[in-house]
Each structure stands twice: as C-alpha cells, then as structure tokens.
Amino acid sequence: MSKANTRMTKQRKEILKILRATKTHPTADWIYDQVKKEIPNISLGTIYRNLNILVEMGKIRVLNYGSSYSRYDGVPENHYHFICDSCGKVFDLDIPVNKTLENYISEKTPFQIFNHRTEFYGLCVECQEKN
Ligand SMILES: [Zn+2]
Ligand SMILES: [Zn+2]
C-alpha cells in the first residue's frame with residue numbers, strides 16, 4: 001500500500017472513531033474541528049472526501065435535511081430519527097424498522113423496495129421543559 005493510502009486510512013479511522021463516539025449526528029464542520037485535534041493539518045475538503053468514501057463503504061450514513069447541510073451518522077444500520085423542530089437536534093429512535101410497511105408497498109406497487117427512511121418531528125425533552 002502506498003504512503004498516501006495509509007494516510008487516508010488513518011484519517012478515515014479517526015473520522016469513524018469520532019462518529020461512533022457521538023450520538024449527535026454532526027455536520028462535516030463539527031467533525032472537521034474534532035479531527036483537527038488529532039490531525040492538525042487536515043483540510044475540510046479531505047474530511048468531505050473521506051466522509052463520502054465511508055458512506056460508499058457502508059460504514060456510516062448521511063442524512064440530508066434540505067439542501068443546505070448534511071449530517072453524518074455513525075450507526076450504519078437503518079434506524080428511525082426524531083428531529084426537534086425547536087433546536088434541530090437529531091435523536092436515534094430505539095424502535096424496530098417497520099419491514100411490514102416495506103412488504104406492503106412491495107405488494108401494492110410495481111416497485112422493488114430495498115429500504116425506507118422515516119423521520120419524526122416535534123419537541124425534544126429539553127425544549128418541552130423550556131416551553
Ligand atoms: Zn429541542
Ligand atoms: Zn441515527
């Protein structure tokens with residue numbers, strides 16, 4: 001393996017470690033700030049490139065909410081999210097993914113279903129207490 005590839009792997013490992021250690025579904029900017037503590041000369045472009053590779057490898061997931069920014073998720077398996085309308089925080093929902101719904105749509109439509117994504121919106125506990 002070339003030196004450049006080894007360095008890439010180190011960066012990827014660091015990004016993955018940071019993503020696996022947080023439940024906040026951070027943006028690339030936040031990940032960049034964390035990785036810089038370990039690899040000070042890394043660029044934001046390199047972070048984006050490695051995030052895309054990790055998504056392609058199926059190690060992480062990307063969540064696109066609107067076109068302005070993406071959030072990254074260290075949990076690669078399909079799961080549901082709750083998004084707070086007030087503070088914008090993204091939470092994992094510890095409930096099983098509804099395969100019945102996928103089967104139903106497979107039966108009722110001509111489409112072949114692989115996956116589905118569902119987001120729930122409302123107020124998180126912290127924001128409920130503020131109101
Ligand atoms: Zn909130
Ligand atoms: Zn998640």
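Among contacts in the protein chain between residues at least 6 apart in sequence, what percentage join residues at least 24 apart? The share is 47%, where two residues count as in contact if their C-beta atoms, placed from the backbone, lie within 7 Å. The structure is a predicted model, in which local features need pLDDT of at least 70, side-chain atom pairs count only at pLDDT 80 or more, and totals for chains, interfaces and linings use all residues. Residues are numbered from 1 along each chain as its sequence is written, while chains are lettered from A and ligands numbered from 1 in the order in which they are written.

The protein chain holds five helices and five strands; helices (H or I, at least four residues) and strands (E, at least two) are DSSP runs, numbered from the N terminus. Followed along the sequence, these elements give the pattern α-α-α-β-β-β-β-α-β-α. The C-alpha trace spans about 50 × 45 × 25 Å along its principal axes. Of the 131 residues, 13% are buried, a label given if 20 or more other C-beta atoms lie within 10 Å of a residue's own C-beta atom, with C-beta atoms placed from the backbone.

Turning to the sheet, three strands form an open arrangement in the order E4-E3-E5, with mixed pairing. Strands E4 (90-93) and E5 (119-122) are the edges, each pairing on one side only; two strands pair if DSSP finds at least two bridges between them. From one strand to the next, the twist averages 30 degrees, with axes taken as lines fitted to C-alpha atoms and angles running from 0 to 180 degrees between N-to-C directions. Strand E3 (residues 80-84) runs parallel to E5 and is joined to E5 by four bridges. Phe82 has Phe120 as its bridge partner in E5.

Conventions. Buried ≥ 20, exposed ≤ 12 C-beta atoms within 10 Å, placed from the backbone.
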